[in-house]
Amino acid sequence: MHHDLMMTPPTSGRSLEGGLPNCPIVDACVESVGSTVQAPNLLTLNVALGAISTIVQCLADVEPVYGGRIPTPIYICTKGESGLRKSAVAARVNKPIYNFEKEQMKEYDQKREIYEIKLEVFEEKLETKRNKLKAAVISDNAQRIETAQ
């Protein structure tokens, strides 16, 4: 069953048209992005819930009564006519997530580069030690073998 973003969901007459009750931060986000991008509030709320889900799913899991753990994603599909501002809303709402991911990747790249340099130095030292030990074993000199270890 598909529903337009502008229609009331078939849930006992309840509607999200007025925003989320008891969620002033989400409502402020929807209002700010919706007015900035000039998009319908339900579209903006839909995208904001998807972004919230993306952020929360790495922090929380559901532990059912029967045991185990289940992730907490929300799968959201946004349907709308061309020009409804779907991409503009998604870009605006998800920008902090993209910026965070970009910063994390930059930090990872820096740490990876340092790791690779340290690994190269370690491997060079290891190779030198192996060569010394090999030469000592070939010479059959006990003192030299002791020093090489």
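Visitor: Which residues of α1 are buried?

Guide: In α1, Val26, Val30, Val33, Gly34 and Val37 are buried. Buried stands for a relative accessible area under 20%, exposed for one over 50%, and partly exposed for values in between, with a 1.4 Å probe and protein chains only. The model is predicted, so local features need pLDDT of at least 70 and side-chain atom pairs count only at pLDDT 80 or more, while totals for chains, interfaces and linings use all residues. Residues are numbered from 1 along each chain as its sequence is written, and side-chain values use heavy atoms, with hydrogens and water left out.

Visitor: What puts the buried residues on the same side of α1?

Guide: In α1, the buried residues are Val26, Val30, Val33, Gly34 and Val37. They cover an arc of only 100° around the axis, which puts them on the same side of α1. The arc is taken from the directions that run from the helix axis to the C-beta atoms. An α-helix has 3.6 residues a turn, so residues three or four places apart point the same way. On the face of α1 turned away from its buried side are the exposed residues Pro24 and Ile25.

Visitor: How does the reach of α1 stand against the span expected?

Guide: The expected span of a helix is 1.5 Å times one less than its number of residues. From its first C-alpha to its last, α1 reaches 20 Å, close to the 20 Å expected. For α2 the reach is 22 Å, close to the 22 Å expected.

Visitor: Against which elements do the buried residues of α1 pack?

Guide: They pack against α2 and α3, where contact means heavy atoms within 4.5 Å. The buried residues of α2 pack against α1 and α3; among them are Leu42, Leu45, Ala48 and Gly50.

Visitor: What makes up the largest nonpolar core?

Guide: Such a core is a set of buried Ala, Val, Leu, Ile, Met, Phe, Trp, Tyr and Cys residues joined through side-chain atoms within 4.5 Å. The largest one has 9 residues: Val33, Val37, Ala39, Leu43, Val47, Ala51, Val89, Val93 and Ile97. The elements giving two or more residues to this core are α1, α2 and α3. Among the contacts of Val33, not counting residues up to four places away in sequence, are those with Val89 and Val93.

Visitor: What class does Arg85 fall into, and why?

Guide: At a relative accessible area of 39%, Arg85 is partly exposed. Arg85 sits in the loop between β2 (70–71) and α3 (86–139). Its phi is near 85°, a positive value in a residue other than glycine.

Visitor: How many disulfides does the structure hold?

Guide: The structure holds 0 disulfides, a disulfide being a pair of cysteine sulfur atoms within 2.5 Å. As for accessibility, Cys29 is partly exposed at 29%, and Cys77 counts as exposed at 70%.

Visitor: What share of the protein do buried residues make up?

Guide: Buried residues are 18% of the 149 residues in the protein. Its accessible surface comes to about 11,800 Å², with 57% belonging to carbon and sulfur atoms. These areas come from the Shrake-Rupley method with a 1.4 Å probe, and for residues only the protein chains shown count as cover.

Methods: Helix = DSSP H or I, 4+ residues; strand = E, 2+ residues; numbered from the N terminus.
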